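The sequence and structure come first, and the description follows.

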Amino acid sequence: MSRISVSAFLAGLLFGLGLLVSGMANPAKVLGFLDLAGHWDPSLALVMAGAILVGLVAFRLAGQRQRSLLAEPMRLPTSRAIDRRLVLGGIGFGVGWGLAGFCPGPALVALGAGEMKAVVFVAAMLAGMALFEVLDQRT
């Protein structure tokens, strides 16, 4: 197994554990967070703020490097455009998150735990990704 595969596995494992510990893989907790007009559960706001802070520091440090810690070329997103595709993707992400209580990472964690809702969500997510590929090739 390559160093990149081991690194990806460990990063995914750490990410999944973080999602489980924080409650982000629990659809009921996520839906409670999104229920602003009802019984709002603000606890995930702290998790998200912590994730944003860690991400800001990580991207800042990564932006100063030419190569990753594994000596791979650094490939960071460069586009700053807020276009139709980004807005529609964000809306689709938000609607899916609000309806199911899952976003892709927690859905994969819940899938690994054998949750049926996650099976349905991941199947719908994969179908959406395939549809995007078909539509993107036509444009």
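The axes of α2 and α4 come within 8 Å of each other and cross at roughly 115°. Axes here are lines fitted to C-alpha atoms, for helices over the stretch in contact, and angles run from 0 to 180 degrees between N-to-C directions. On the α2 side, Pro-27, Val-30, Leu-31, Phe-33 and Leu-34 meet Trp-97, Gly-98 and Ala-100 of α4, where contact means heavy atoms within 4.5 Å. Sorted by class, this contact has seven nonpolar residues, one polar and no charged. Ala, Val, Leu, Ile, Met, Phe, Trp, Tyr, Cys and Pro count as nonpolar, Asp, Glu, Lys and Arg as charged, and the others, Gly among them, as polar.

Helix α2 (residues 27–34) also packs against helix α3 (residues 43–63), at an angle of about 95° and with the axes 8 Å apart. The two helices are therefore roughly perpendicular to each other, a term for angles of 65 to 115 degrees; those under 35 count as roughly parallel, those over 145 as roughly antiparallel and the rest as oblique. Lys-29, Val-30 and Phe-33 of α2 make this contact with Ser-43, Leu-44, Ala-45 and Met-48 of α3. Its residues are five nonpolar, one polar and one charged.

## Model and overall fold

The model is predicted: local features need pLDDT of at least 70, side-chain atom pairs count only at pLDDT 80 or more, and totals for chains, interfaces and linings use all residues. Residues are numbered from 1 along each chain as its sequence is written, and side-chain values use heavy atoms, with hydrogens and water left out.

The protein chain has six helices and zero strands. Helices (H or I, at least four residues) and strands (E, at least two) are DSSP runs, numbered from the N terminus. The C-alpha trace spans about 45 × 40 × 30 Å along its principal axes.

## Helix α1 against α5

Helix α1 (residues 3–22) and helix α5 (residues 104–112) have axes that come within 10 Å and cross at roughly 90°. That makes α1 roughly perpendicular to α5. Phe-15, Gly-16, Leu-19 and Leu-20 of α1 meet Gly-105, Pro-106 and Val-109 of α5. The contact of α1 with α5 has five nonpolar, two polar and no charged residues.

## Annotated regions

An unreviewed UniProt entry annotates residues 43–63, 84–112 and 118–135 as "transmembrane region"; such annotations may be inferred rather than shown by experiment, feature names are shortened, and positions are given in the numbering used here. Residues 84–112 are 90% helix and 0% strand, with end C-alpha atoms 34 Å apart. Residues 118–135 are 100% helix and 0% strand, and their end C-alpha atoms lie 25 Å apart.

## The largest pocket

The largest pocket has a volume of about 670 Å³. On a 1 Å grid over the protein atoms alone, a pocket is an open set of points where a 1.4 Å probe fits, with protein on both sides within 12 Å along at least five of seven lines; lining residues have an atom within 4 Å of a point. Grid points are joined across faces, edges and corners, and the volume is the space filled by probe spheres set on the points.

Of the 22 lining residues, Leu-88, Gly-89, Gly-128, Met-129 and Phe-132 lie nearest the pocket's centre. Helices α4 (84–100) and α6 (116–138) each supply at least two lining residues, and the largest share, 10 residues, comes from α6. By class, the lining divides into 13 nonpolar, five polar and four charged residues.
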